[in-house]
Amino acid sequence: MNPNKALWEKGDFTEIAAFMRQSGEAVVKSLGITTPLRVLDLGCGDGTTAVPLALLGAEVVGIDIAKNLVDAGNKRAAEAGLNKLTFQEGDACNLQGVSDHSFDLTLSVFGAMFAPKPFDVAKEMVRVTKPGGRIVMGNWIPNDPTSFVSQLLKISSSFMPPPPEGFISPMTWGVDTHIIERFGQAGVPKEKISMVKDTFYFISPDKSPTQFIESFRQFYGPTMNAFEAAEKSGTVEELHNQLVELAKTQNKSTDGSTSIPATFLRVTVNL
Ligand SMILES: C[S@@+](CC[C@H](N)C(=O)[O-])C[C@H]1O[C@@H](n2cnc3c(N)ncnc32)[C@H](O)[C@@H]1O
């Protein structure tokens with residue numbers, strides 16, 4: 001089994017996506033889409049951005065490596081009567097079957113950054129996007145204390161055995177030099193790439209930060225793996241405490257619920 005696929009099919013990411021809907025909609029709104037476009041949402045999950053894109057009238061193809069999330073996305077599309085929105089299984093490292101220059105916009109919000117071969121990912125995103133079109137990525141930022149998921153993953157991985165040799169951290173997609181190098185190898189000059197910091201919110205009106213972390217423990221593949229490793233090494237309580245402390249410190253809500261702002265790098269490539 002492909003470990004990248006196994007990681008994201010583990011648990012149930014739809015439970016985490018539920019905290020991300022508002023900001024997903026805000027990201028889509030901020031794209032300023034005014035004409036009907038053909039959009040690829042890469043690493044789309046169950047449609048946090050794909051559904052609002054389709055509601056704007058775009059024809060949207062969501063591609064994701066996790067079968068359970070593709071199924072959940074297609075169910076959401078059917079329930080919302082969105083017949084120009086389809087979800088399909090695929091790997092951002094190799095979008096075989098997707099035609100060259102077939103999308104006006106390729107969007108990937110915390111999706112393609114998790115694919116293991118970043119140079120191939122950049123090449124594929126450029127290949128399938130039309131000349132004159134754009135690629136927009138949302139990426140977590142390493143070593144930024146306000147980039148919540150990057151901190152959560154840093155804590156999680158410190159409880160796990162080291163990754164296999166040759167593993168490239170997804171967080172490198174949050175570093176300008178890597179982005180320029182990857183798109184550069186795909187033939188895009190750096191003048192065509194812009195990067196700006198933005199904020200994404202994880203919102204749960206009915207969960208405390210402790211309950212919010214419990215959801216990651218139960219449903220989010222990378223955190224589930226960290227707890228499994230911590231069980232073996234007898235460090236579960238320490239892992240739990242560090243994650244709860246992170247959520248509590250980042251939480252901006254004062255009524256017992258959870259609202260965590262998370263800084264991310266928004267990358268726009270104008271082809
Ligand atoms: C953090 S989730 C984000 C999902 C969605 N974009 C959202 O904002 O809710 C990461 C997503 O990337 C997908 N993914 C990871 N590696 C992938 C790959 N190689 N190709 C396509 N999708 C991938 C996962 O299955 C998962 O749905």
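The model discussed here is predicted. The place of His101 is in the loop between strand E3 (85–89) and strand E4 (103–109), and its backbone there has a positive phi of about 50°, although the residue is not a glycine. Most residues other than glycine have a negative phi.

A positive phi is also found at Phe110, where the angle is about 55° and the residue is again not a glycine. Phe110 belongs to the loop between E4 and helix H6 (118–128).

## Leu37 and Leu42 around strand E1

Leu37 has its place in the loop between helix H3 (21–30) and E1, while Leu42 lies within strand E1 itself, which spans residues 38–42. With 19 other C-beta atoms within 10 Å, Leu37 is partly exposed, because a residue needs 20 or more such atoms to be called buried. Leu42, by contrast, is buried, with 30 other C-beta atoms within 10 Å.

Once residues up to four places away in sequence are set aside, Leu37 touches Ala58, Asp104 and Leu105; from C-alpha to C-alpha, Leu37 and Ala26 are 18 Å apart in space and 11 residues apart in sequence. For Leu42, leaving aside neighbours within four places in sequence, the contacts are Ile63, Ala92, Thr106, Ser108, Gly111, Ala112 and Met125. The C-alpha atoms of Leu42 and Gly62 are separated by 6.0 Å, although these residues stand 20 places apart along the chain.

## Helix H6

Helix H6 is largely enclosed by the rest of the structure, because 8 of its 11 residues are buried. The buried residues are Pro118, Val121, Ala122, Lys123, Glu124, Met125, Val126 and Val128, and they pack against E1, E4, E5 and helix H8 (176–185). Met125, one of these buried residues, is also among the contacts of Leu42, which lies in E1.

Helix H7 (residues 148–157) is mostly covered, with 7 of its 10 residues buried.

Lys154 and Met171, which are 17 residues apart in sequence, are 9.7 Å apart in space when taken from C-alpha to C-alpha.

## Helix H11 and its two partners

The axes of H7 and H11 come within 10 Å and cross at roughly 165°, which means that H7 is roughly antiparallel to H11. The crossing in which H7 passes H11 is right-handed. At this contact, Phe148, Gln151, Leu152 and Ile155 in H7 meet Gln242, Leu243, Leu246 and Gln250 in H11, and by class the contact has 5 nonpolar, 3 polar and no charged residues.

How does this compare with the contact of H9 with H11? The axes of H9 and H11 come within 9 Å and cross at roughly 130°, which makes H9 oblique to H11, while the crossing is again right-handed. Pro209, Thr210, Phe212 and Ile213 of H9 make the contact with Leu243, Val244, Ala247 and Lys248 of H11, and by class there are 6 nonpolar, 1 polar and 1 charged residues. Leu243 takes part both in the contact of H11 with H7 and in the contact of H11 with H9.

## The shell around the ligand

The ligand is surrounded by 23 residues, of which the closest are Trp8, Gly43, Gly45, Thr48 and Ala115. By class, this shell has 14 nonpolar, 7 polar and 2 charged residues.

Definitions and conventions. Residues are numbered from 1 along each chain as its sequence is written. This is a predicted model: local features need pLDDT of at least 70, side-chain atom pairs count only at pLDDT 80 or more; totals for chains, interfaces and linings use all residues. Helices (H or I, at least four residues) and strands (E, at least two) are DSSP runs, numbered from the N terminus. A residue is buried if 20 or more other C-beta atoms lie within 10 Å of its own, exposed if 12 or fewer, and partly exposed in between; C-beta atoms are placed from the backbone. Axes are lines fitted to C-alpha atoms, for helices over the stretch in contact, and angles run from 0 to 180 degrees between N-to-C directions. Angles under 35 degrees count as roughly parallel, over 145 as roughly antiparallel, 65 to 115 as roughly perpendicular and the rest as oblique. A crossing is left-handed if the near helix is turned anticlockwise from the far one by less than a right angle, and right-handed if clockwise. Two residues are in contact if their C-beta atoms, placed from the backbone, lie within 7 Å. Ala, Val, Leu, Ile, Met, Phe, Trp, Tyr, Cys and Pro count as nonpolar, Asp, Glu, Lys and Arg as charged, and the others, Gly among them, as polar. A residue is near a molecule or strand if its C-beta atom, placed from the backbone, lies within 6 Å of it.
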